[in-house]
Structures are given as structure tokens and as C-alpha cells.
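Student: I have a model open on my screen. Can we go through it step by step?

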Amino acid sequence: MKQVPSTAAARIEDFLAQRRIAVVGVSRDEKGFARVMFRDFLSYGYDVVPVNPNAVTVEDRPCYPNVAAISPPVDGVFVLTAPSIAGQIVTECLSTGVPRVWVHFASGSKKLDPELIERCEKGGVSLIRGFCPYMFIRQTNWFHRLHGWFARRSPAYRAGK
């Protein structure tokens, strides 16, 4: 089993070093946050796989109904869904062997079931809870980089949360 980085900082760096990632919850709305982020990841050179059970294609890429349907597999999954189903997505990632999961909580609580977090730790899944990837990607604008500067000084970033 692969050693999971012990801090949020190391997990974020490891996640962003991957090239093939899925975005679960990518919106069919071209102006939606998840869709904009999807497009930006493409522009940053990532091989991004859209996941939305209600879409056939996104940005001319085949869209998958769930993580289990993705082929070939991805190196990480970015979860941009309603908080009420984020846990289901993490559970699916665990069962399909996804090694890295980043759950973005822009629209709700930063809580995941503690038992699920423990299952990720025991299963060797690198789990990032919270934080916005824009804060850590070098190509983003100054506003996001400024937020990243503050985030890097937070106890949560340096800790294993």
C-alpha cells in the first residue's frame, strides 16, 4: 500500500502533481463553478475526466455517470458535489481504488463522516477536505494566489486535516 502524505500540504502537492483527474459534479451549465474549474484544469494541462450522471459530454469530452465507469482509471478525483452526496462519492472512490480524493466544500459543511475518513486512512487513500485548488495552482490569478498565501499559513494546511 502506498504511503499517504501526512499533511494537507503534502497531499495537495501530490494531488496536483497528477495529470489524469476526474471532476465529479462538473456542471452542464457553462458558467457554473464546477464547469469553469473543469475548463481551467484543461487549460493547465491536466487530462480531466468529467463525471455527471446527467451529461453525455462536457467540453467535447465523454462524460461518465460515476467514478466506477471511468476507463482508463484516474490518478485522483476532485469532488464538487452537494455536501449531501460527497460522502457517497468518497465511498465510491474507496471501492474503485482511487488513490487520491479532494472534496471541495464551497457550498456547505466541511464535515465528512469520521468513519469514512478513517476508512480512507486505513485504505491508503489520500484525502483532502476543503481548500480550493485555485489557491495552489501557480497559473491562477493573483487573487487566488493571495488566498493560497494565507491558506499555507493556516494550521489546517500544515496539519493532517
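Tutor: One term before we start: contact means heavy atoms within 4.5 Å. Angles are taken between N-to-C directions and run from 0 to 180 degrees. Keep in mind that this is a predicted model.

Student: How many helices and strands are in the protein chain?

Tutor: Read along the sequence, the pattern is α-β-α-β-β-β-β-α-β-α-β-α-α. Counting both kinds of element gives six helices and seven strands.

Student: What is the strand order of the open sheet?

Tutor: The sheet has five strands, and the pairing is parallel. Its edge strands are β2 (47-51) and β7 (126-129), each pairing on one side only. Neighbouring strands are turned by 20° against each other on average, direction ignored. The order is β2-β1-β5-β6-β7.

Student: Which residue in β7 is the bridge partner of W102?

Tutor: Start with the strands: β6 covers residues 100-103. It pairs with β7 in the parallel sense, over four bridges. For W102, the partner in β7 is I128.

Student: Which strands does helix α1 touch?

Tutor: Helix α1 spans residues 8-17 and packs on the sheet. Its direction makes about 110° with that of β6. The strands it touches are β1 (20-24), β5, β6 and β7.

Student: At what angle to β6 does helix α3 run?

Tutor: Helix α3 takes in residues 83-96. It lies across β1, β5 and β6. Its angle to β6 is about 175°.

Student: Is E59 exposed, partly exposed or buried?

Tutor: E59 sits in the loop between β3 (57-58) and β4. Its phi is near 50°, a positive value in a residue other than glycine. Buried needs under 20% relative accessible area and exposed needs over 50%. E59 has 28% relative accessibility, so it counts as partly exposed.

Student: And how does D60 count?

Tutor: D60 lies in the loop between β3 and β4. It is not a glycine, yet its phi is positive, about 65°. Its relative accessibility is 79%, so D60 counts as exposed.

Student: Which two residues does the cis peptide bond join?

Tutor: Look in the loop between β4 (61-62) and β5 (76-79), where P72 is placed. Omega of the cis bond is about -10°. The bond joins S71 and P72.

Student: What share of the residues of the protein chain counts as buried?

Tutor: The accessible surface comes to about 8500 Å², with 54% belonging to carbon and sulfur atoms. The chain has 161 residues. The buried share is 48%.

Technical notes
Residues are numbered from 1 along each chain as its sequence is written. This is a predicted model: local features need pLDDT of at least 70, side-chain atom pairs count only at pLDDT 80 or more; totals for chains, interfaces and linings use all residues. Side-chain values use heavy atoms; hydrogens and water are left out. Helices (H or I, at least four residues) and strands (E, at least two) are DSSP runs, numbered from the N terminus. Buried means under 20% relative accessible area, exposed over 50%, partly exposed in between (1.4 Å probe, protein chains only). Two strands pair if DSSP finds at least two bridges between them. Accessible areas come from the Shrake-Rupley method with a 1.4 Å probe; for residues, only the protein chains shown count as cover.
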